[in-house]
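Me: I have a protein model open on my screen and would like to walk through it with you. Could you take my questions one at a time and show me how you get to each answer?

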Amino acid sequence: MAPTTVYSCYTLPMKTIHFVPPIIALAIVATWLTYLRSSAIALSEDNNLLRDTITNSRDVSFAQKERVSSKKPQKPTETESKSVADWVATSRDWKKLALFAKDAATPEERSAALSRLKNLLSEMSGEELATAYPAIATLGLKTSYRDALEDFMLKELATKNPEFAFSQYISKFERNGAVPNTHDFTPFEDWVTRDPAAATAWYEKEIAAGTFDKSLDGKSPFRAPFEAAFIKALLISDSAAAEKRLTETPLDQRKEIISSIINVAEKDQKAFADMVRRTLSQEDASKMILRKTMDHGYLDEPQKIKENFERIAATPEERATFLELQADDIIVNLFALRRPSLETLDEFHTWAKAVDPTSADRAAGIGMAEYLESITDPKAPESIEKLAIDFLSSGVSDEFLIPLIEGSGRGRNPLSKEKARELAMRITDENRREELLQNLN
């Protein structure tokens, strides 16, 4: 069984904790609780928006006006309720349904109206939706409700009238001043895959028109997600064309574009990895490839991790980077939850060797160095030095000590040069030992 990373807990279902050792579960729980707290805040905000959508509205739909008196509104009779239900079920007026849902007297009526509204919009043609879309702004809807209705129309338009839809995606984000989520551009990727000629023509026209150059710094937040979706679609149909397009992109923008590519299917991961290797530096490429192709759902299964390595033809550097990233999170997290110990360090090291024996020793040393830099306890350097010496006796190579020695002089609690020199004297490789000692002068 293996540790998991801090960042991977957001993608793991909570039940995964039951399949990892108790000591590793503590690390997951700590991060999961932080995630839940932020999620609770977001949920509370969403609930407030939803409540504002249902209540506190100045507009009263035509159906409710029939029930409103000069005094407190009365509960509708059974006959009135049936009449309203019949109207909702048969109405062909999407505007009236939208207003009725906004002011519905009960959650049931609102749900029925929204269901009917969605059905009507789904039946509309691309031209009809393009005419209806601007009319949403004239209904006086609360922002959250208006956004939800627009999003639904845009989803329909993405397949029925994509040129109009994606122009409106840009306008909507500009209007709201929001930073687009890469998932919002998955429909554009689908369009490029479905009709590459039309999608390419529209996209190139927008680029030429300066649509993506309207921000103050000349760098639109919409360009990277659009370009990422475009390149990902090309990668599937013509990997050479995708790589050529990425290569022609300025170097400072490539990383942002690649970072915006999402949900790379297993069958396309090798092509994706090859493209990234040839267009980014080795360090950046390794991290990006691992982020986009490693399934964190099976971090407790070294064999599957190795199979994933084989699928993308992972280089030795990429395998080492993977373990180093895990060590950075796992050891720091576990040592923070419990007193640093040989047991914890050995548990990580055993798992790391099962994943990639050649880089396990260095990964463990990196985790120790990162922990040392993350804390404020003035006694930490001494305890970490002792732990390192004790662990060295288990037979690990020089690679375990090197990250600790190289980290001397960095962080809030680095090893003193004196302590680092003492560790360096334990390096068995004479040339490497002398190099490290010279750097510590």
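Me: What kinds of secondary structure does the protein have, and how many of each?
Reply: Happy to start there, with the reminder that this is a predicted model. The protein has 441 residues, and buried ones make up 46% of them. As for secondary structure, the count comes to 23 helices and zero strands.

Me: Among contacts between residues at least 6 apart in sequence, what share joins residues at least 24 apart?
Reply: Contact here means heavy atoms within 4.5 Å. Taking the contacts between residues at least 6 apart in sequence, the share that joins residues at least 24 apart is 65%.

Me: How much of the accessible surface belongs to carbon and sulfur atoms?
Reply: The accessible surface of the protein is about 22900 Å². The part of that surface belonging to carbon and sulfur atoms is 52%.

Me: How are the rings of F166 and Y169 arranged?
Reply: A search of the whole structure gives 22 aromatic pairs. For F166 and Y169, the ring centres are 5.4 Å apart and the planes meet at 20 degrees. Planes under 30 degrees apart count as stacked, so this pair is stacked.

Me: Where do F166 and Y169 sit, and how far apart are they in helical turns?
Reply: F166 and Y169 are both buried. They belong to helix 8, residues 162-176, and are three residues apart there. That spacing is why their separation is about one helical turn.

Me: Which parts of the chain does the pair of F166 and W191 tie together?
Reply: The rings of F166 and W191 are stacked, because their centres are 5.5 Å apart and their planes lie at 15 degrees. Both residues are buried, F166 at 0% relative accessibility and W191 with a relative accessible area of 2%. F166 is in helix 8 and W191 in helix 9 (residues 186-194), so the pair ties together parts 25 residues apart in sequence: helix 8 and helix 9.

Me: Which residues form one aromatic cluster with F166?
Reply: The two partners discussed above, Y169 and W191, belong to this cluster. The complete cluster is F166, Y169, F185, F188, W191, W202, Y203, F226 and F230.

Me: Is F222 buried or exposed?
Reply: F222 is in the loop between helix 10 (196-208) and helix 11 (223-237). Its C-alpha atom is 9.4 Å from that of F185, 37 residues apart along the chain. Buried means under 20% relative accessible area, and F222 has 4%, so F222 is buried.

Me: Which residue has a positive phi of about 50 degrees although it is not a glycine?
Reply: Most residues other than glycine have a negative phi. With its positive phi of about 50 degrees, the residue is N263.

Me: Is A313 buried, partly exposed or exposed?
Reply: A313 has a positive phi of about 55 degrees although it is not a glycine. A313 lies in the loop between helix 16 (302-311) and helix 17 (316-337). Its relative accessible area is 38%, so A313 is partly exposed.

Me: How far is the backbone oxygen of E256 from a polar atom of the S260 side chain?
Reply: S260 is in helix 13, and at 12% relative accessibility S260 counts as buried. The distance from the backbone oxygen of E256 to a polar atom of the S260 side chain is 3.0 Å.

Definitions and conventions. Residues numbered from 1 in each chain as written. Predicted model: local features only at pLDDT ≥ 70, side-chain atom pairs only at ≥ 80, totals over all residues. Heavy atoms only, no water. Helix = DSSP H or I, 4+ residues; strand = E, 2+ residues; numbered from the N terminus. Buried < 20%, exposed > 50% of the residue type's maximum accessible area, 1.4 Å probe, protein only. Phe/Tyr/Trp six-rings, centres within 6.5 Å; stacked < 30°, edge-to-face > 60°. Areas by Shrake-Rupley, 256 points an atom, 1.4 Å probe, with all protein chains shown as cover. Polar contact = N/O pair within 3.5 Å; in protein donor to acceptor, adjacent residues only side chain to side chain.
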